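User: I would like a close look at one part of this model, the strand pairing. Please describe it and its setting in one connected answer.

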Amino acid sequence: MAFELEALPYAADALEPHIDKTTMEIHHDRHHQAYVDNLNKAIAGTDAENLSLLDIIKNVSKYAPAVRNNGGGHYNHSLFWKVLGPNAGGAPTGELAEAINAAFGSFDELKKQLQAAGAARFGSGWAWLIVNAEGKLAVTSTPNQDNPLMDVAEVKGTPILGIDVWEHAYYLKFQNKRPAYLEEIFNVINWDAVAQNYAAAK
């Protein structure tokens with residue numbers, strides 16, 4: 001079965017003024033669609049055609065670079081859209097908030113570490129909040145479309161929040177000011193969705 005692009009879970013303008021409609025349309029309809037199309041081309045006629053995206057990602061070193069790049073692009077963006085939302089932002093609550101306080105001392109410290117991970121990533125990549133093998137929360141970043149589930153990742157774990165720091169995620173509104181984007185995106189992070197990811201991952 002070929003992979004398909006899911007529709008955004010909200011309108012393209014739903015995250016304004018923090019992320020503009022045009023960026024969302026280009027990012028989802030063109031960039032993410034290209035990852036899906038190119039992944040399907042890359043796995044055509046191989047054993048990966050019959051595997052889940054997760055199975056491909058976890059053993060990505062077995063496959064061609066096009067599978068790594070486009071499979072990662074499809075997985076990462078599929079997570080990204082779901083951890084953003086309108087009427088979001090604020091701070092996490094419940095078990096996730098407790099785990100954040102235990103791992104980082106405070107939500108403000110987590111925010112600082114995620115922003116620093118995103119700002120320091122040279123070129124294109126992602127900043128992640130993950131659940132590691134010990135069941136603890138950690139912040140990491142990856143280059144390009146890699147993610148912490150991949151067998152090639154330096155720091156491994158299950159992503160529960162990913163922040164895209166490729167220029168196509170922010171350039172129309174923020175130009176080269178990545179730190180401004182990394183501040184603004186916290187207004188649209190859906191902590192309920194992140195909490196659901198945490199519950200499933202721990």
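Analyst: Two strands pair if DSSP finds at least two bridges between them; strands (E, at least two residues) and helices (H or I, at least four) are DSSP runs numbered from the N terminus. The model is predicted, with local features needing pLDDT of at least 70, side-chain atom pairs pLDDT 80 or more, and totals for chains, interfaces and linings using all residues. Residues are numbered from 1 along each chain as its sequence is written, and side-chain values use heavy atoms, without hydrogens and water.

Strand 1 spans residues 125–131 and runs antiparallel to strand 3, with 6 bridges between them. Within this pairing, alanine 127 faces isoleucine 163 of strand 3.

Tryptophan 126 and tryptophan 128 form a stacked aromatic pair, with 5.3 Å between centres and 15° between planes (pairs have centres within 6.5 Å, using the six-membered ring of Trp; stacked means planes under 30 degrees apart). Ring pairs also bring in Phe80 and Trp81, making a cluster with Trp126 and Trp128. The structure has 6 aromatic pairs in total.

As for the setting, the protein chain contains 8 helices and 3 strands. Read from the N terminus, the order of elements is α-α-α-α-α-β-β-β-α-α-α. Of the 202 residues in the protein chain, 48% are buried. The C-alpha atoms occupy a box of roughly 50 × 40 × 30 Å along the principal axes.

Definitions and conventions. Rings of Phe, Tyr and Trp (its six-membered ring) pair if their centres lie within 6.5 Å; planes under 30 degrees apart count as stacked, over 60 as edge-to-face and the rest as tilted. Buried means under 20% relative accessible area, exposed over 50%, partly exposed in between (1.4 Å probe, protein chains only).
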